[in-house]
Amino acid sequence: MDVLVTGCAGFIGSHLSERLIADGWHVRGVDAFTDYYPEADKRENLRALEGEARFSLTVADLAEARLDDLLADRPLIIHLAAQPGVRGSFGDGFGRYLHDNVRATQRLLEAARDAGCRRVVYASSSSVYGDAETYPTLEGVTPRSPRSPYGVTKATCEDLAAIYAGMGVETTGLRYFTVYGPRQRPDMAMRRLCEAATGGPAFRLLGDGLQSRDFTHVSDVVEATILAATAPAVPPVLNIGGGEEATMLEVISTLDELNGAPIPVLRGDVQPGDVRRTGADTTLMRGLGWAPRTSLRAGLASELAWVARRNANRGLALAASR
Ligand SMILES: NC(=O)c1ccc[n+]([C@@H]2O[C@H](COP(=O)([O-])OP(=O)(O)OC[C@H]3O[C@@H](n4cnc5c(N)ncnc54)[C@H](O)[C@@H]3O)[C@@H](O)[C@H]2O)c1
């Protein structure tokens with residue numbers, strides 16, 4: 001049972017790798033430790049896998065490195081490596097997105113075809129929908145209409161996957177809807193809210209707070225990803241959404257309650273690329289036997305507790321070093 005997980009040191013990839021190891025898989029993780037956020041955080045994400053005999057780590061940039069050795073045993077591929085985030089994809093930042101999302105994915109698909117790998121499961125995004133005309137958005141029915149260059153790179157990955165699927169590699173793209181929970185990336189709104197709740201800088205709310213997201217807990221994302229990787233047959237794209245759509249104001253109010261005190265919030269303007277709403281129709285994913293299990297409240301509590309624990313440990317480490 002061999003699986004290659006790209007982006008294994010990231011938020012979702014590290015949770016997925018831990019779960020695959022617990023399920024008995026041999027996991028080869030690949031990560032370039034890009035500088036979108038600190039390498040130390042990504043090393044920390046991998047801490048639980050240190051010394052694990054069935055886990056190995058290869059540090060490599062998928063857009064540059066030779067891939068044939070990595071794929072010699074024709075592993076199942078779960079491709080999560082990417083440059084995430086909507087806002088940084090405008091302007092000169094786009095070059096990074098082309099490199100880490102488009103070029104890396106095309107090279108991996110090509111190498112998977114050459115090696116004879118059976119299936120490539122890869123991370124797409126709710127960003128491919130943009131501002132949809134109707135909700136919930138449904139694969140194959142709701143047109144793709146990305147509002148950001150990041151969304152365009154994810155839509156392009158879907159198009160590339162369709163081409164290689166036509167050449168014999170089974171592919172399925174997972175349209176993740178705003179994933180949150182412990183280890184969430186530091187640029188994401190819930191993480192910044194949890195940091196603000198535990199003594200960090202005030203949270204900057206962009207826009208009126210009525211923008212809503214179909215938030216999905218990372219444990220449910222991991223479950224869905226493994227089901228998509230192991231099901232006998234899978235559709236070309238699948239929505240993975242937590243099913244509990246909420247506005248930012250609702251999220252802030254729930255976190256205020258969990259925190260026992262109001263979180264400091266500053267106001268800012270809506271940023272380019274931000275969509276008003278996301279909402280997934282998950283009928284296809286549910287057909288594979290999946291259902292989200294983590295309520296928004298329980299999921300927020302899990303992230304807040306993780307951030308508080310992390311900050312307390314850092315405070316202790318700092319005090320000990322003085
Ligand atoms: N987190 C979300 O809400 C969300 C939503 C939709 C889609 N996604 C997608 O899910 C995937 C994982 O997201 P995440 O939030 O865990 O991000 P993350 O940044 O925490 O993880 C991505 C990892 O990929 C690595 N990486 C980037 N470029 C690479 C390259 N060229 N070669 C090798 N490794 C490289 C990075 O070092 C990082 O560790 C991404 O493809 C992202 O676009 C995430």
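These are my notebook entries on a predicted model, written as I looked things up.

**Ground rules**

I number residues from 1 along each chain, as its sequence is written. My helices (H or I, at least four residues) and strands (E, at least two) are DSSP runs, numbered from the N terminus.

**Entry 1**

I began with the strands, counting two as paired if DSSP finds at least two bridges between them. I found an open sheet of seven strands with parallel pairing, in the order E3-E2-E1-E4-E5-E6-E10. Strand E3 (55–59) and E10 stand at its edges with a single partner strand each, so one side of each lacks a neighbour in the sheet. From one strand to the next, the twist averages 20 degrees. (For angles, axes are lines fitted to C-alpha atoms, for helices over the stretch in contact, and angles run from 0 to 180 degrees between N-to-C directions.)

Thr 58 in E3 is the bridge partner of Val 30.

Leu 174 stands opposite Leu 238 in E10. Which way do the residues of E10 (237–240) point? Val 237 and Asn 239 point one way, Leu 238 and Ile 240 the other. I remembered that side chains in a regular strand alternate between the two faces of the sheet. All four are buried, meaning that 20 or more other C-beta atoms lie within 10 Å of a residue's own; 12 or fewer makes it exposed, anything in between partly exposed, and C-beta atoms are placed from the backbone.

**Entry 1: the three-stranded sheet**

I then turned to an open sheet of three strands, E7-E9-E11, where the pairing is mixed. Its edges are E7 (179–180) and E11 (244–247); each has a single partner strand, so one side of each is left without a neighbour in the sheet. E7 and strand E9 (residues 212–217) run parallel, joined by two bridges. Here I saw Tyr 180 opposite His 217 in E9.

**Entry 2: helices across the sheets**

I took contact to mean C-beta atoms, placed from the backbone, within 7 Å. Helix H6 (residues 218–230) lies across E7 and E9, at about 70 degrees to E9. H6 also lies across strand E4 (76–79), E5, E6 and E10, running at about 165 degrees to E6. Helix H4 (residues 149–165) lies across E5, E6 and E10, at about 160 degrees to E5.

**Entry 3: around the ligand**

Which residues come nearest to the ligand? Of the 30 around it, they are Gly 7, Gly 10, Ala 32, Ala 82 and Ala 123; I counted a residue as near if its C-beta atom, placed from the backbone, lies within 6 Å. The shell has 17 nonpolar, eight polar and five charged residues. (Ala, Val, Leu, Ile, Met, Phe, Trp, Tyr, Cys and Pro count as nonpolar, Asp, Glu, Lys and Arg as charged, and the others, Gly among them, as polar.) Helix H1 (11–22) gives the largest share of the shell, three residues.

I looked at H1 again. Its buried residues include Phe 11, Ile 12, Leu 16 and Leu 20. After H1 comes Gly 24, whose phi is positive, near 100 degrees.

Arg 74, in the loop between E3 and E4, has a positive phi near 50 degrees. Arg 74 counts as partly exposed because it has 13 C-beta neighbours inside 10 Å. Arg 183 has a positive phi too, near 75 degrees, and lies in the loop between E7 and helix H5 (189–197). Is Arg 183 buried or exposed? With 22 C-beta neighbours inside 10 Å, Arg 183 counts as buried.

I also found a cis peptide bond between Tyr 135 and Pro 136, with omega about -5 degrees. Pro 136 sits in the loop between E5 and H4.

**Entry 4: Ser 89**

My last stop was Ser 89, in the loop between E4 and H3. Ser 89 counts as buried, because 25 C-beta neighbours lie inside 10 Å. Beyond its neighbours within four places in sequence, Ser 89 contacts Phe 94, Tyr 97, Ser 148, Pro 149 and Tyr 150.

Conventions: Predicted model: local features only at pLDDT ≥ 70, side-chain atom pairs only at ≥ 80, totals over all residues. Contact = placed C-beta atoms within 7 Å.
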